[in-house]
Amino acid sequence: MTVPVRTRFAPSPTGYMHIGGMRTALFVWLWARHNHGTFILRIDDTDQQRNVEAALAPIFRAFRWLGLNWDEGPEVGGAFGPYFQSQRTHLYQAAVEKLLAEGKAFRDYDAPEQVAADRAAAEATKQTYLNVRRSLDLTDSQRSQFDEEGRPHVVRFLVPRDRKVAIDDAVRGHVEWDGALMPDPVIMRSNGSVLYNFATVVDDAQMQITHVIRAEEHLTNTAVQALLHQALGNSLPVFAHIPFITAPGSTKKLSKRDVEKLRNSPQLKKMFDRADEVFPQLGLGNSTTLNPVMVEYYERLGYLPAGILNGLSRLGWSLDDKTEILPLDTVIENFTLDRIVKAPAGFDTEKLQSYQQHWMNQLPLDQKIDGCLPYLQQTKLIADETDAVTRAHVGRVLAAMADRLKVFSDILDFKEFFVADETMPFDEKAFQQRIRDAAEAPGLLRSLREQLATVEPFDAPTLDALVHRFVETNGIKIGQIVHALRIATTGRAQGVGLFDALSILGRDRCLTRLDRTLAAI
RNA sequence: GGCCCCAUCGUCUAGAGGCCUAGGACAACGGAUUUUCAGUCCGUGAACUGGGGUUCGAAUCCCCAUGGGGUCACCA
């Protein structure tokens with residue numbers, strides 16, 4: 001009989017979802033889905049923050065955005081709740097009592113200063129620090145006296161120092177530690193609350209977690225946790241420690257602080273700059289409020305879940321020797337723990353970008369429109385109420401943009417199709433170079449304007465033919481007119497295909513803009 | 001420093017003794033296409049950390065060294 005797989009991800013309410021944490025969560029989720037098992041979300045809020053709800057919102061938001069649904073946890077409930085550690089104290093208390101009663105844990109009355117001194121002494125002599133078990137030698141009367149005095153104490157788990165602990169990690173293989181080298185960990189504070197390392201063990205057992213999949217930094221904790229499970233009479237879950245993600249161009253774990261330090265690295269600079277360009281327009285702050293370690297950065301910039309998921313899946317995992325493009329279904333079907341790479345993976349934002357581009361290019365036009373409309377609305381480039389005409393216009397712009405749309409917010413780089421003709425800004429430098437400084441440009445534009453006024457129909461192929469004929473008739477090179485025409489009608493030196501741009505704008509708007517240009521020379 | 005983990009192109013990775021004169025992707029570089037930009041197509045350069053074993057044969061197994069990293073709280 002095989003036991004149904006139950007996995008969990010246990011975030012603490014930090015106020016944002018870390019992209020590396022998201023990768024871990026994805027792997028945990030993937031393993032559950034691959035096995036048709038259960039994925040549980042459990043909130044590690046043992047250190048009682050003030051505003052758990054607000055700090056949790058971005059985390060739930062990230063899961064929802066990527067479509068990583070949880071089967072048990074906050075908001076959905078489940079048979080093993082509550083799913084907030086802060087509401088499970090009775091379970092922890094009971095477990096502590098049990099260990100105490102069985103002599104597997106003890107009350108430690110040593111003052112914190114005493115413990116610190118012990119530690120310092122060990123360090124001074126370069127010895128492995130082991131807590132001194134003074135309280136174990138207390139007589140019963142001394143102990144009851146201490147309790148009567150209300151002397152503060154912690155509860156420590158009594159590590160069996162005469163043996164080793166070992167686990168068979170699903171990604172790292174056999175790992176073992178020597179109990180003789182492990183200090184007795186505090187499992188309950190003097191205020192009666194328990195520590196994470198202990199709560200996790202109690203929760204994993206009570207929630208019948210079969211696979212503890214988490215980041216590598218927890219590997220060391222596992223020694224204590226395995227011992228604790230044994231002491232509590234639990235069977236051991238399968239552990240799988242996946243490597244963390246390193247910051248781009250670094251060998252160190254990707255952290256929020258790290259990324260701030262790297263904001264001027266070649267790779268990340270673009271990401272920060274883009275945030276500073278786009279987020280202010282949307283009223284979302286800037287690269288300080290939302291940076292590339294946060295999942296929300298990608299969501300707000302208009303990345304696709306498929307792109308992020310593909311990128312995250314390939315960070316420390318691969319299907320085979322050549323498949324890069326992976327729809328989620330394919331990953332679910334093929335995801336196994338033994339294919340997780342043991343070494344840390346560098347977070348490569350450019351590769352992420354390439355997955356994103358692929359998935360964006362796959363997206364049907366209609367969905368591109370849906371994705372872009374909110375950006376145009378939030379920046380007042382179009383009205384909040386979109387009618388069919390607006391929708392069609394956005395569709396034409398997007399069709400012309402083609403591969404130029406990498407993320408939805410890129411639509412904001414093509415404002416020329418949405419701003420009023422009378423106030424459309426001109427790129428001054430380009431205007432100077434291609435129109436004012438190009439001796440023949442004004443005359444050519446004037447004469448071309450006459451032909452544009454009457455040409456029928458006003459569509460891209462016709463305009464294309466018209467301009468080429470114009471070039472021939474006037475004995476000029478095409479470069480002598482297209483640049484000027486582009487700047488005159490769109491205000492910019494770059495953009496979509498010129499004739500697409502003209503036809504999208506339509507005759508009237510083109511003429512108006514041309515007139516403005518001619519008047520500005 | 002103790003304990004633990006890790007080690008293939010710049011980066012993500014394939015590789016579980018002969019299929020490897022080490023494959024793919026991103027990035028880089030060169031060329032082609034082009035009215036700009038984006039793209040597309042073709043091509044180029046680029047790696048098994050070092051040293052010992054084991055073996056007929058090692059990127060693959062073992063040992064040592066080196067390097068990188070994680071962790072050592074009444075944080076999670």
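At what angle do the axes of helix H1 (residues 19–34) and helix H11 (residues 305–313) cross? They cross at roughly 80° and come within 10 Å, with axes being lines fitted to C-alpha atoms over the stretch in contact and angles running from 0 to 180 degrees between N-to-C directions. This is a predicted model, where local features need pLDDT of at least 70 and side-chain atom pairs count only at pLDDT 80 or more, while totals for chains, interfaces and linings use all residues. Residues are numbered from 1 along each chain as its sequence is written, chains are lettered from A in the order in which they are written, and side-chain values use heavy atoms, leaving out hydrogens and water.

**The helix pair**
- H1 and H11 are therefore roughly perpendicular to each other (65 to 115 degrees).
- Ile-19, Met-22, Arg-23, Leu-26 and Phe-27 of H1 meet Leu-309, Leu-312 and Ser-313 of H11 (contact means heavy atoms within 4.5 Å).
- That contact is made of six nonpolar residues, one polar and one charged.

**Around the RNA**
- RNA strand B is surrounded by 61 residues, the closest being Arg-119, Arg-189, Gly-316, Asp-403 and Arg-404 (near means a heavy atom within 4 Å).
- Of the RNA strand B atoms that come within 4 Å of the protein, 73% belong to sugar and phosphate.
- The nearby surface divides into 21 nonpolar, 16 polar and 24 charged residues.

**Individual atom pairs**
- A backbone N or O atom of Tyr-196 is 3.1 Å from a phosphate oxygen of RNA strand B.
- In the side chain of Asn-221, an N or O atom lies 3.0 Å from a base nitrogen of RNA strand B.

Note on methods:
A polar contact is a pair of N or O atoms within 3.5 Å; within protein, one must be able to donate a hydrogen and the other to accept it, and residues adjacent in sequence count only if both atoms are side-chain atoms. Ala, Val, Leu, Ile, Met, Phe, Trp, Tyr, Cys and Pro count as nonpolar, Asp, Glu, Lys and Arg as charged, and the others, Gly among them, as polar. Helices (H or I, at least four residues) and strands (E, at least two) are DSSP runs, numbered from the N terminus. Angles under 35 degrees count as roughly parallel, over 145 as roughly antiparallel, 65 to 115 as roughly perpendicular and the rest as oblique.
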